[in-house]
Amino acid sequence: MTSERVLELLAGIRIVPVIVIDDDAYASEVAAALSVGGIRCAEITLRTPAGLRAIEAVAGAEDFVVGAGTVLTAEQVDQCVDAGAEFIVSPGFDDEVVERAQHHGIAVLPGVATATEIQRAIRAGLDAVKFFPADRLGGLETIRSLAAPFPGLRFVPSGGVTVGNALEYLAHPAILAVSGSWMATRDLIRAGDFTTIQRLSAEASALVAGIPS
């Protein structure tokens, strides 16, 4: 799948769950609960040793897009691609991470916090970035300010995005999707509470239904 197609799919789904998983044996069930709830994608982070194995367990699932988060090095990009990740997310802007993802032909959403980093992203040929940590950087008001001089860029805010503010973010045309974990928290996954994950996913999916991408 091309990087453009992946970003198009994420824009259509509108929500990218951030998954921190401690036991990769739960990965397929988490993905299934999200999917049944209407959210057919996930960013599985490398914050735990199980992250890479969880990506591999979910990769190839029908009608589901899995990406890798907290990717910090070019070597990790290689590992995630080998595991089946279809997009790469990093907390900050690292030239080597971006270049390696582009080398593999997969979508990459590097984290940005400033206009300087945005200009670097644009120079690298990107038209979508992660805005992180959104709540600490002024949230939507800051995105509005940054979007004005960079009208072709789309943002995925992450950090402090909740069911209470997701709609406000998504109403802005510069927002590609929002990134959050409220529908599949680490505690819910640890508890194996896939019923609640499915319910919260369905509620989140219904919340954003009808918001144009």
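Trainee: What's the relative accessibility of Arg-199?
Mentor: Arg-199 comes in at 44%, which counts as partly exposed; the scale runs from buried, under 20% relative accessible area, through partly exposed, to exposed, over 50%, using a 1.4 Å probe and protein chains only. Keep in mind that this is a predicted model, where local features need pLDDT of at least 70, side-chain atom pairs count only at pLDDT 80 or more, and totals for chains, interfaces and linings use all residues. Residues are numbered from 1 along each chain as its sequence is written, and side-chain values use heavy atoms, with hydrogens and water left out.

Trainee: Thanks! Which residue does Arg-199 form a salt bridge with?
Mentor: Glu-203, with the closest N and O atoms 3.2 Å apart. A salt bridge here means a side-chain nitrogen of Lys or Arg within 4 Å of a carboxyl oxygen of Asp or Glu. Helices (H or I, at least four residues) and strands (E, at least two) are DSSP runs, numbered from the N terminus. Glu-203 is partly exposed too, at 43%.

Trainee: Which residues get joined into one network?
Mentor: Asp-22, Arg-186, Asp-187 and Arg-190, through salt bridges that share partners.

Trainee: How many salt bridges does the structure hold?
Mentor: It holds 11. One of them pairs Asp-22 with Arg-190, at 3.0 Å between the closest N and O atoms. Asp-22 sits in the loop between strand 1 (15-19) and helix 2 (27-36) and Arg-190 in helix 9 (residues 186-190), so this pair ties together parts 168 residues apart in sequence.

Trainee: Switching topic: is His-172 buried or exposed?
Mentor: Buried, because its relative accessible area is 17%. His-172 belongs to the loop between helix 8 (166-170) and strand 8 (178-180). Leaving out residues up to four places away in sequence, His-172 touches Leu-140, Arg-144 and Ala-147, where contact means heavy atoms within 4.5 Å.

Trainee: And how much space lies in the largest pocket?
Mentor: About 220 Å³. On a 1 Å grid over the protein atoms alone, a pocket is an open set of points where a 1.4 Å probe fits, with protein on both sides within 12 Å along at least five of seven lines, and lining residues have an atom within 4 Å of a point. The volume is the space filled by probe spheres set on those points, which are joined across faces, edges and corners.

Trainee: Which residues lie nearest its centre?
Mentor: Of the 14 lining residues, Ser-3, Glu-4, Leu-7, Gly-125 and Leu-126. Helix 1 (3-13) and strand 5 (107-112) are the elements giving two or more residues to that lining.
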